[in-house]
Amino acid sequence: MTGPIPLLNERLRVADTPEALLRLFEARGWGDGLPAVPPTPERVEKMIEGSGLGPGVELGVMPPRQGVATVETLAVNAVLAGCLPAYMPVLVAAVRAVLDPAFSLHAIQATTHPAAPLILVNGPIAGELGINGGYGCFGPGHRANATLGRALRLALLHIGGASPGALDRSTQGSPAKYTFCIAENEAESPWPPFHTERGFARERSAVTVIGAEGPHNVNDHVSHDAGGLLATLADTMAVMGSNNFYLRGEVVAALGPEHAATLAGEGLSKAEVRRALHARARKSVRQLSRGGMWGMRDWPPALEALAQDPDAMIPLVDRPEDILLLVAGGAGKHSAYLPTFGPTRSVTVPVETPAGAPAR
């Protein structure tokens with residue numbers, strides 16, 4: 001038997017060991033291929049308690065299989081991923097966000113593109129739970145990052161039914177489809193945190209989900225001024241193979257703290273950095289029409305009118321505000337650029353922590 005795991009529709013009898021569970025999952029075509037924590041009733045109950053919600057609370061319908069995501073089914077996947085119960089409010093917020101129609105989860109789940117939901121955590125809860133936004137934040141070594149991102153992916157597999165090669169048609173996939181969760185490095189950012197741009201107070205915790213590709217390194221060890229660094233960033237962003245030139249949408253510039261300090265040191269605000277990148281990250285119609293997704297482009301009328309001029313310079317995204325700017329990582333003159341699926345919008349929702357719940 002293969003296909004989406006029925007989760008709570010079937011009680012499985014298997015030894016309470018990761019080895020036994022992995023053998024069962026392999027036989028049934030479930031999971032992400034990694035060993036998992038057996039979701040015993042006791043473990044699932046503790047995970048539900050961590051959410052502060054009832055087990056039957058419905059978060060929404062998860063495409064493409066249209067499975068109903070409840071707190072209980074989400075808790076099962078959180079246990080499988082190795083989460084702590086205290087992580088549940090962040091996971092619940094992430095699921096609410098990906099189920100927002102603006103995120104276009106059905107398309108992201110079923111596309112041939114390697115997009116995955118990036119979970120970005122802002123506010124006090126990032127520090128309380130130990131969600132890494134510093135050195136190696138996109139990589140291994142932190143339980144909260146690893147298991148929160150994995151829990152969302154397992155839910156997308158088991159509830160949403162996006163099994164690779166079946167309903168998930170991603171041509172090559174991506175390591176980001178195992179786990180994709182970071183915090184913003186608010187402590188070393190020279191600007192207000194990302195979630196405050198979405199209307200949240202600094203002291204409020206929030207989760208943003210972004211349908212993005214894995215991070216692309218931006219290496220600039222030479223530029224000591226904003227002009228040189230912006231040129232490097234914009235050149236890295238303006239590539240023909242990106243969905244964004246042709247399908248528009250948002251992109252992510254995750255600046256390392258040293259690069260952010262260089263830009264802010266010349267008095268540039270986040271809005272000014274976005275405007276500068278929007279002005280620089282462009283390619284001509286002549287270049288874009290040579291390949292990419294030229295015959296599949298979805299441009300607004302004003303931009304489409306420029307397509308007749310081979311020398312017209314086309315911006316990577318429609319507006320400066322479509323460049324999502326945040327600070328992440330540790331010391332070193334590196335940043336990261338993350339293209340997105342294109343026809344998706346990032347969604348930010350608050351984290352609702354149960355009253356009196358312990359932080360860890």
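Predicted model: local features only at pLDDT ≥ 70, side-chain atom pairs only at ≥ 80, totals over all residues.

Modeller: Residues are numbered from 1 along each chain as its sequence is written, and side-chain values use heavy atoms, with hydrogens and water left out.

Biologist: How much space lies in the largest cavity?

Modeller: On a 1 Å grid over the protein atoms alone, a cavity is a set of points where a 1.4 Å probe fits but cannot get out. Volume is the space filled by probe spheres set on the points, which are joined across faces, edges and corners. The space in the largest cavity is about 50 Å³.

Biologist: Which element gives the largest share of the lining of the largest cavity?

Modeller: Lining residues have an atom within 4 Å of a point, and those of the largest cavity include Ala116, Ile119, Leu152 and Phe180. Two or more residues come from each of strand 3 (116-122) and helix 7 (143-158). The largest share, 4 residues, is given by helix 7.

Biologist: How many residues line the second largest pocket?

Modeller: A pocket is an open set of points with protein on both sides within 12 Å along at least five of seven lines. About 330 Å³ of space lies in the second largest pocket, and Gly31, Asp32, Leu157, Pro164 and Asp168 lie nearest its centre. The number of lining residues is 20.

Biologist: Why is strand 5 largely enclosed by the rest of the structure?

Modeller: Buried means under 20% relative accessible area with a 1.4 Å probe, protein chains only. Ala206, Thr208, Ile210 and Ala212 are buried on one side of strand 5, as are Val207, Val209 and Gly211 on the other. Strand 5 (residues 206-212) is largely enclosed because the number of its 7 residues that are buried is 7.

Biologist: In strand 12, which residue is the bridge partner of valine 209?

Modeller: Strands pair if DSSP finds at least two bridges between them. Strand 5 and strand 12 (residues 347-350) run antiparallel, joined by 4 bridges. The partner of valine 209 in strand 12 is valine 347.

Biologist: What is the order of the open sheet of 4 strands?

Modeller: Its edge strands, each pairing on one side only, are strand 6 (216-219) and strand 10 (323-327). Strand 6 runs antiparallel to strand 11 (residues 334-338), with 4 bridges. With mixed pairing, the order is 6-11-7-10.

Notes
Buried < 20%, exposed > 50% of the residue type's maximum accessible area, 1.4 Å probe, protein only.
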